[in-house]
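Here is a short report on one structure. Look through the sequence and the 3D view, then read on.

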Amino acid sequence: MDTVDLARLQFALTAGAHFLFVALTLGLATLVAVVQTWATLTRDPVHLRMTRFWGQLYIINYAMGIATGLVMEFQLGLTWSGLTEFAGNTFGASLAIETLVAFFLESTFLGLWIFGWNKLNRWAHLAAIWVVTLTAYASAFWILVSNGFLQHPVGYELADGVLRLTDFGAMVANPTAQVAFFHVLGGAMVTGGFFVAGVSAYHLRRRTAEQDLFRKSLRIGIGVALPATLFTATFGGLGFETLQPTKAAVWSGSASRIAAAQAELAAAHGPGDYLPPAGWVHAGAMTMLIAFAVMFFFAGLSAVLMLIRPAVRSLRVWHWLLTLMIPVPFVAMLGGWVFREMGRQPWAVYGLLTTAEAMSPLTQTQMRVSLTAFVTVFAALIVTNYVLLARAARRGPDAVTLGDRPIDTPSTEPALSL
Amino acid sequence: MEIFVLAFFALGYLVLGGADIGVGMALPYLGRGAGERREVIAAIAPFFLGNEVWLVSAAGVLAGLFPELEGELLSGNVAVVVPLLLSWVVRDMGLWLRGRVPGVRWQGFWDGAIVAGSWGLALSWGVLLSDVLLGLHGPVALAPALLVAVVFGAHGLAFAALRLRGELRRRAAVLSGGSGEARTYALTAAALVVVGVLAGLRLPLTAGPTASLLTPVILVVTPLLVAAQAWVWWIFRHRVSGPSYL
């Protein structure tokens, strides 16, 4: 592999890992916020326990999302300085707004929500999770404005070899960004819905304690997953209208369209191969579409079954399948992401800057060391976090430490050192 | 104006996030057993997410207002930035994971990750700052880097002295002597600010053309961000009296 391939692999692995955690974060945050709202309004103990249980899983997942996100943010300057120098004046604006308007508040209020449990007034505590949820959406929005610009640049001018932003409104209103935002948000709700339903089904199948809590959770999960699947597919369909000519041509498979798209770019930019890798484009899209079909069918069936009380209580085959469905939205997410990002190759900024030109002047050795170090550390941490997530999900609400006591009371555990 | 925006977030990180780094470095000294260490971590627990985000924001400001410098600074210092990021990730993961499973060995391992990550962060910052400040590279840069790390450590102790009680507070106050805990914290914070400002003065800080759009937005939201953080500081203004969620 040459240096650019190593840098691409590093970014793809970081972004892909980040995307997996973020998708569940966005979906779960919404469900936790809604359940906590109900718990706060009614003071119902079951919903309070639901908030703590799903909140605990949310935090385990969130921590890994932050870690991968940090590395992603810095990787732009680290390995893609050609991109930041050429286009930083445009898509850098939305990145800056994302960190300041969204992520800054999200982090601050997440700390308040976690550590202020039983310390804050319950309405202030409820407000904290809503701020976290809404700023998470805002974060996704501004990131997709940046990504939308790279996919389909608008509102810029090219002067002295670098891009300048001329129309901020056009960049924000970019259909490639807007459609992707709602598509990703819907996908996150699908991920969160199937996760909640799958974990609940595990507990119902195993007949663990808290059957009432998990029956309620199961219905919430499926009740979210089915409409969210349709919502996501609708915006996914609209997304096909915003594809770049080369991606659309390769996806269509029509030899004449492919030749025309290639000829058009070759005429504008000189000789070269301007087509994305067809194998990746097709594999990504097909994975996404097949996963959608499976999820749609299964969510529809489950929405009927969840209305039948004996099925919710003891239809174990269905419980099994629901748990097995947990990874499917993640697979769909990655498939769609591969389709979107591989499909814009060989461009970093479509039609303006190639991925090879976007690369920092790094040596092969630097890239190898960096890639090896990040992959090793992240692989170990991701495995650890998924094992812990599964462990916390299996152990159920009784083992949750989040919000289990006022924060300032002395611990009842013995000080191990003494 | 743009320079002040960048300075505000970068220096905010050095002072606020610097205290978390220092507490992590001093963890084996402050907490002699798992229970004590958990209480020491409670000193920074409610703040560390809100503190590290100052650096995320500084990087965001760099991306939006100084994109050319962002690329040069990060890709030009790849040998420092990669260890810095890895240390950051390892430190954070140590904080999150230590309490997830009971058991002395599990907690000891992740406490080790917190200490190693914190030292890694402090030394990486030291190397990066001495490169920017003095233009030193290679092994010779380790001397000023170590000095910067010591300042981070002292700052962490000063912060811990303000947050802890009893024996832990006494240990943390080892550097204060008779000069008072708040005054020591102000002094170590000032030292970090001076290092940060001197390094900043050496950077080619020419804002890009997007500044005219972004700077007003940032100036409007910044008071809101500070108010949100001030609320957190107010909620957790009392000394730690027991372990936190972590």
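## An enclosed helix

Helix 4 of chain B spans residues 67-76. Seven of its ten residues are buried, so the rest of the structure largely encloses this helix. The model is a predicted one.

Which residues of helix 4 of chain B are buried? They are B:P67, B:L69, B:E70, B:G71, B:L73, B:L74 and B:S75. The cover over them comes from both chains. It includes helix 2 and helix 3 of chain A. It also includes helix 3 (34-65) and helix 5 of chain B.

## Where the chains meet

Chain A puts 63 residues in contact with 60 residues of chain B. Four elements of chain A each give two or more residues to its side of this contact. They are helix 2 (45-79), helix 3 (81-115), strand 2 (162-165) and helix 15 (364-395). Helix 3 of chain A gives the most, with 25 residues.

What kinds of residue make up the side of chain A that touches chain B? There are 37 nonpolar, 20 polar and six charged residues.

## The nonpolar core

The largest nonpolar core has 231 residues. Within this core, A:W54, B:A58, B:L85 and B:A160 touch the most other members. Helix 3 of chain A supplies the largest share of the core, 20 residues.

Take B:A160 as a case. Leaving out residues up to four places away in sequence, B:A160 touches B:V23, B:A26, B:L30, B:V40, B:A43 and B:A172.

## Two helix pairs

Two packed helices are described by the angle between their axes and the distance between the axes. Start with chain A. The axes of helix 6 (residues 175-206) and helix 7 (residues 211-241) of chain A come within 6 Å. They cross at roughly 155°. That angle is over 145 degrees, so helix 6 of chain A is roughly antiparallel to helix 7 of chain A. The crossing of helix 6 of chain A with helix 7 of chain A is left-handed. Their contact has 20 nonpolar, 14 polar and one charged residues.

Now chain B. Helix 5 (residues 78-97) and helix 6 (residues 104-134) of chain B have axes that come within 7 Å and cross at roughly 150°. Helix 5 of chain B and helix 6 of chain B are therefore roughly antiparallel. Helix 5 of chain B passes helix 6 of chain B in a left-handed crossing. The contact of helix 5 with helix 6 of chain B divides into 16 nonpolar, six polar and two charged residues.

## Backbone details in chain A

Where does A:R43 sit? A:R43 lies in the loop between helix 1 (3-42) and helix 2 of chain A. The phi of A:R43 is near 55°, a positive value in a residue other than glycine. A:R43 counts as exposed, with 9 C-beta neighbours inside 10 Å. A:D160 is not a glycine either, yet it has a positive phi of about 55°. A:D160 is in the loop between strand 1 (156-159) and strand 2 of chain A. It is exposed, with 5 other C-beta atoms within 10 Å.

A cis peptide bond joins A:Q345 and A:P346, with omega about 5°. A:P346 belongs to the loop between helix 13 (327-342) and strand 3 (347-349) of chain A.

## A residue in chain B

B:V217 is part of helix 10 (residues 211-235) of chain B. B:V217 has 16 other C-beta atoms within 10 Å and is partly exposed. B:H155 is 62 residues away from B:V217 along the chain. The C-alpha atoms of B:V217 and B:H155 are separated by 32 Å.

Conventions
Residues are numbered from 1 along each chain as its sequence is written. Chains are lettered from A and ligands numbered from 1 in the order in which they are written. This is a predicted model: local features need pLDDT of at least 70, side-chain atom pairs count only at pLDDT 80 or more; totals for chains, interfaces and linings use all residues. Two residues are in contact if their C-beta atoms, placed from the backbone, lie within 7 Å. Ala, Val, Leu, Ile, Met, Phe, Trp, Tyr, Cys and Pro count as nonpolar, Asp, Glu, Lys and Arg as charged, and the others, Gly among them, as polar. Axes are lines fitted to C-alpha atoms, for helices over the stretch in contact, and angles run from 0 to 180 degrees between N-to-C directions. Angles under 35 degrees count as roughly parallel, over 145 as roughly antiparallel, 65 to 115 as roughly perpendicular and the rest as oblique. A crossing is left-handed if the near helix is turned anticlockwise from the far one by less than a right angle, and right-handed if clockwise. A residue is buried if 20 or more other C-beta atoms lie within 10 Å of its own, exposed if 12 or fewer, and partly exposed in between; C-beta atoms are placed from the backbone. A nonpolar core is a set of buried Ala, Val, Leu, Ile, Met, Phe, Trp, Tyr and Cys residues joined through C-beta atoms within 7 Å.
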